[in-house]
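Here's a quick briefing for anyone meeting this structure for the first time. Have a look at the sequence and the model, then go through the points below.

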Amino acid sequence: MTDRQQVGEWIAAYERAWRTSGVEPLPALFTDDASYRQGPYHPPVVGLAAIGEMWEAERAGADEAFTMSYDLVAVDGDTAVVRVEVNYGDPVPQEFLDLWIMRFAADGRCCHFEE
């Protein structure tokens, strides 16, 4: 069972991980066999190593300027839905308004993530 506080803590850890060089924080966020889908029509990236490679390819670096805010839409059992706004750059040349669907394992790590 996942609750709103746990989801909020996970999102905060996700943001810290994105702001951290390397991929060392990922095992605390994702299960070994997690799937990460960057969009509804994108194929899933599966496993920690593959997720780490994708993260390193997608971000500009740990010092990348961005702001992130979220609104927790729903939590039901092991699944959470969150609306996330991310603004990259200063000034902001790129912004995203995402809907994240996350399913959590019993240990609190994410086993399915979809943007």
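Asparagine 87 is buried, with a relative accessible area of 14%; buried means under 20%, exposed means over 50%, and partly exposed is in between, using a 1.4 Å probe and protein chains only. This is a predicted model, where local features need pLDDT of at least 70 and side-chain atom pairs count only at pLDDT 80 or more, while totals for chains, interfaces and linings use all residues. Residues are numbered from 1 along each chain as its sequence is written, and side-chain values use heavy atoms, with hydrogens and water left out.

**Around asparagine 87**
- Asparagine 87 sits in strand β4, which covers residues 79-88. (Strands are DSSP runs of E with at least two residues, numbered from the N terminus.)
- The side chain of asparagine 87 makes a polar contact of 3.4 Å with the side chain of glutamate 85. (A polar contact is a pair of N or O atoms within 3.5 Å; within protein, one must be able to donate a hydrogen and the other to accept it, and residues adjacent in sequence count only if both atoms are side-chain atoms.)

**Strand β1 and its partners**
- β1 (residues 30-37) runs parallel to β6 (residues 110-114), and four bridges link the two. (Strands pair if DSSP finds at least two bridges between them.)
- In β2, valine 45 is the residue opposite tyrosine 36.

- β6 is mostly covered, with four of its five residues buried.
- β5 (residues 94-104) lines up antiparallel with β6 over four bridges.
- Methionine 102 faces phenylalanine 113 of β6 across the pairing.
- Together β5 and β6 make a hairpin with five residues between them, and glycine 108 in the turn has a positive phi of about 90°.

**Cysteines**
- How many disulfides does the structure hold? The count is zero. (A disulfide is a pair of cysteine sulfur atoms within 2.5 Å.)
- In general, a disulfide is a covalent bond between the sulfur atoms of two cysteines.
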